[in-house]
Amino acid sequence: MATDVHRPVNPQVSQVSDRPQASETSQVSQVTAESGASPVPPVPQAVRVEGLTRSFDGRAVIDDLRLDVRQGEFVALLGRSGCGKSTLLRILAGLDRDIEGTVLVPRRKAVAFQAPRLMPWKKVWRNVLLGLPGRPERALADRALEEVGLDHRSDAWPKTLSGGEAQRASLARALVREPDLLLLDEPFGALDALTRIKAQRLVGELWRRRGCAVLLVTHDVEEAVLLADRVLVMDDGVIAHEQRIDLDRPRDITDPRFAELRAGLLARLGVDTAAEAA
Ligand SMILES: Nc1ncnc2c1ncn2[C@@H]1O[C@H](COP(=O)(O)OP(=O)(O)OP(=O)(O)O)[C@@H](O)[C@H]1O
């Protein structure tokens with residue numbers, strides 16, 4: 001079922017503040033911008049975004065955007081280059097607060113980028129624990145590394161890892177935070193085709209095991225259809241289209257329905273698959 005999503009009429013915004021909620025204080029942190037408006041009620045969703053606008057140099061890259069992600073839902077975000085996908089992800093991660101609008105996200109969230117961003121002077125296990133509060137035990141890192149099949153490289157230096165291993169270390173660093181929301185920005189973009197397939201499978205398994213919500217930014221339509229419950233297409237600063245992926249898992253890319261969903265999304269992105277077949 002395909003749905004076109006329209007913008008809300010009344011954005012409720014003006015300034016930004018951090019306001020944890022009473023009943024979901026441990027779960028949800030709120031970045032909101034309201035003056036005199038009543039607080040947004042607690043949400044069962046992992047993510048609720050309303051009236052979100054982000055401008056650079058007077059140009060709104062995100063323009064009155066609305067987005068909901070259910071707890072445990074896997075959502076993929078597509079869109080042409082420069083349409084604002086990474087900007088949205090950074091806002092959800094709390095890395096950019098110069099916004100208008102309301103953003104509700106779980107407090108426990110983690111992000112992994114295309115570049116693994118490992119500190120070269122710290123061994124892999126120390127990288128995994130980087131930024132955690134207190135003095136976390138090494139066993140925590142080793143468990144997360146085991147989950148991504150990298151416990152045997154726990155004592156290695158980042159520069160000795162392959163691209164796929166470094167990306168798995170980056171995933172372990174995200175998992176060790178026990179996220180309710182995992183934000184992935186093109187995490188497989190720099191991997192070769194085979195490693196990419198393995199990494200996609202790993203993320204699918206981790207999602208099933210952990211039950212966290214995932215928002216995956218990707219350019220790869222096939223990857224989106226393979227992994228997501230729902231695929232969103234961003235355009236003109238909003239979520240312009242959404243497509244539920246009602247295929248059983250594990251998904252079969254040779255299934256005609258898979259090809260149909262892929263073609264439909266590619267068409268939304270302005271790619272004619274008839275030309276592909278010719
Ligand atoms: N810090 C910034 N200062 C000025 N402009 C910015 C900044 N960050 C992003 N932009 C602009 O906002 C727009 C959206 O960028 P963003 O990185 O979110 O796009 P994207 O959809 O993730 O692109 P890609 O798919 O190529 O990674 C671009 O035009 C970009 O130049």
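1. In this predicted model, ten named positions form the shell around the ligand: Phe56, Val61, Gly79, Ser81, Gly82, Cys83, Gly84, Lys85, Ser86 and Thr87 surround the ligand.

2. The predictor assigns the complex an ipTM of 0.97 and a pTM of 0.85.

3. An unreviewed UniProt entry lists residues 47-261 as "domain: ABC transporter".

4. Across the chain the average pLDDT is 85, and 83% of the residues reach at least 70. Among the elements of the chain, the highest mean pLDDT, 98, belongs to strand E6 (residues 74-78). The lowest, 30, belongs to strand E1 (residues 2-3).

5. Two stretches call for caution. Residues 1-28 stay under 50 in pLDDT, and the model has 61 contacts beyond four places in sequence for them. Residues 33-38 are also below 50 in pLDDT, with 14 contacts in the model beyond near neighbours in sequence. Where pLDDT is low, predicted coordinates should not be read in detail.

Key
Residues are numbered from 1 along each chain as its sequence is written. This is a predicted model: local features need pLDDT of at least 70, side-chain atom pairs count only at pLDDT 80 or more; totals for chains, interfaces and linings use all residues. A residue is near a molecule or strand if its C-beta atom, placed from the backbone, lies within 6 Å of it. UniProt positions are given in the numbering used here, feature names are shortened, and annotations may be inferred rather than shown by experiment. pLDDT is the predictor's confidence in each residue, from 0 to 100. Helices (H or I, at least four residues) and strands (E, at least two) are DSSP runs, numbered from the N terminus. Two residues are in contact if their C-beta atoms, placed from the backbone, lie within 7 Å.
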